[in-house]
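Here are a few friendly notes to read alongside the picture. Take them one at a time, and keep the model open as you go.

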Amino acid sequence: NCSCPCDANRYHRGISMIGSINHIAIAVHDLGVASAQWRERVGAVVSAPQRLQKHGVKVVFIAASNGKVELLEPLDDKSPIAKFLERNPDGGLHHICFDVPDLIASRDQLLATGARILGSPDPEIGAHGKPVLFIHPKDLTGSLIELQQA
Ligand code: CO
């Protein structure tokens, strides 16, 4: 046993998944309305919309100097974003995404701690063309966290 709490903490922490924030995602009912608000009210530069059939969403990106904001509109009633908007009728913060150097190692560590992965534990390709996974919000402070292969 090490008497130094810092070293002990480092040992038990394993792989850190907290590096760069890749994006922060906000759920909206209508990308057109939302994009116009971000352009007109806060001067945001908003990308062209992109349709992600597999994830049930249409997205636009807003570039910040140190990351991105992603606006998500549900494609239909079965989209997970549609359920979120039922509970949050004004829209709202939906998830935070971190870049990780080794997504599979991160997944294995999460599973070893008892955290659940949403859907399949095999990463899917996300909005940036890279593998991603989502940690079950009930297993991490009630907030949806996405991990993306850097
Ligand atoms: Co995301």
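1. Helices (H or I, at least four residues) and strands (E, at least two) are DSSP runs, numbered from the N terminus. With that in hand, find L103: its place is in helix α4, residues 103-112. This is a predicted model, where local features need pLDDT of at least 70 and side-chain atom pairs count only at pLDDT 80 or more, while totals for chains, interfaces and linings use all residues. Residues are numbered from 1 along each chain as its sequence is written, and side-chain values use heavy atoms, with hydrogens and water left out.

2. Is L103 buried or exposed? Buried means under 20% relative accessible area, exposed over 50%, and partly exposed in between (1.4 Å probe, protein chains only). L103 is buried because its relative accessible area is 2%. Leaving aside residues up to four places away in sequence, L103 touches several others, including P123, V132 and L147; contact means heavy atoms within 4.5 Å. The C-alpha atoms of L103 and L147 are separated by 7.1 Å, though the two residues are 44 apart along the chain.

3. Now look for the cobalt ion. Its protein donors are H23 (NE2), H95 (NE2) and E146 (OE), at 2.0 to 2.1 Å. Donors are N, O and S atoms within 2.8 Å of the metal (3.2 Å for Na, K and Ca); water is not among the atoms, so sites may look incomplete. H23 sits in strand β1 (residues 21-27) and H95 in strand β5 (residues 92-100), so the pair ties together parts 72 residues apart in sequence. Both H23 and H95 are buried.

4. Strand β1 also holds I24, which counts as partly exposed because its relative accessibility is 31%.
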